[in-house]
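Me: I'd like to go through the ligands in this structure with you. Can we take them one at a time?

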Amino acid sequence: DALVSVRDLVVDYPIRTASGKKSVFRAVDGVSFDVPRGRTLGIVGESGSGKSTSGNVVAGLVEATSGTIVFDGRDISRASARERRALTRDIQVIFQDPYGSLNPVKTIGRTLAEPLVAGHGMSRAAARERVADALARVGLDAGAADRYPAQFSGGQRQRIAIARAVVLQPKLIVCDEPVSALDLSIQQQVLELLARLQRELGLSYIFISHDLSVVRSFCDEVLVMNGGRIVEAGPVAAVCDDP
Ligand code: ADP
Ligand code: ADP
């Protein structure tokens, strides 16, 4: 069975019209897809097509208006706040700009350890060990834990963001344009890292990108979105090589 099954997902955002009346904008309009276990589902499409919204709903960052989301055998569409908190550990998100999501005044070690201590009730010593292990996994030396986000390059910061996800031992990572802000040579390194982690840890990915060549090299299955709908879906070769 699939790790994630999304059916008939609709997401409306509240907006105000030019005249100031309350209304809604339908960002996702009846979308269904599966994320197979241990594999990567790519979501491609132009800016504004509903890719991020779809990923954010699965990650619990945005609420669905209607539709069902089954994660790891459980219907999470109507999950309580408490269930949602438990689930967010199993579903992590990596964004395009890691700097924006790292607190500049906290050391990397502290940022990564906090959810383990506060959320999992882990001892500080145990958290420190888990953090060191996660940093090593993404190719950063142990000293990285005592430094601040500004002391790293863009590529290193994306490794830190990946370590922050991995330290929580998720089953799914929603990667939202994870390499779009990076130089081409660095993009390749980060993609290789994600691929290695998938093999080592059995991770499943939703991989959001506007870059077809990245998607073609990295994903197993692909959805093409346009105007909140899926306009094409299938194995990566079939979709990306479609004339
Ligand atoms: P993509 O990831 O493909 O660029 P998004 O899911 O970010 O698309 O956005 C889909 C549509 O929803 C866009 O038209 C965007 O402007 C709109 N949108 C996104 N977030 C909000 C919001 N919080 N309120 C209103 N509209 C939004
Ligand atoms: P506080 O202000 O609460 O004393 P600390 O900076 O001492 O904050 O640590 C907060 C959390 O971050 C603790 O759980 C600690 O174990 C963890 N932590 C701090 N520095 C590191 C580090 N270099 N490596 C791993 N974990 C760290």
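Me: Which side chain has an N or O atom 3.4 Å from an oxygen atom of ligand 2?

Reply: That is the side chain of R110, and the pair counts as a polar contact, meaning N or O atoms within 3.5 Å. This is a predicted model, in which local features need pLDDT of at least 70 and side-chain atom pairs count only at pLDDT 80 or more, while totals for chains, interfaces and linings use all residues. Residues are numbered from 1 along each chain as its sequence is written, chains are lettered from A and ligands numbered from 1 in the order in which they are written, and side-chain values use heavy atoms, with hydrogens and water left out.

Me: And what does R124 do there, how far is its side chain from an oxygen atom of ligand 2?

Reply: An N or O atom in the side chain of R124 lies 3.0 Å from that oxygen atom. Taken alone, ligand 2 exposes 550 Å², and the protein buries 72% of that, with accessible areas from the Shrake-Rupley method with a 1.4 Å probe.

Me: Switching to ligand 1, which atom of K51 comes up?

Reply: A polar side-chain atom of K51 is 2.8 Å from an oxygen atom of ligand 1, and a backbone N or O atom of G48 lies 2.7 Å from an oxygen atom of this ligand. Ligand 1 exposes 560 Å² when taken alone, of which the protein buries 61%.

Me: Which helix gives the largest share of the shell around ligand 1?

Reply: Helix 1 does, with three residues; helices here are DSSP runs of H or I with at least four residues, numbered from the N terminus.

How values were computed. Polar contact = N/O pair within 3.5 Å; in protein donor to acceptor, adjacent residues only side chain to side chain. Helix = DSSP H or I, 4+ residues; strand = E, 2+ residues; numbered from the N terminus.
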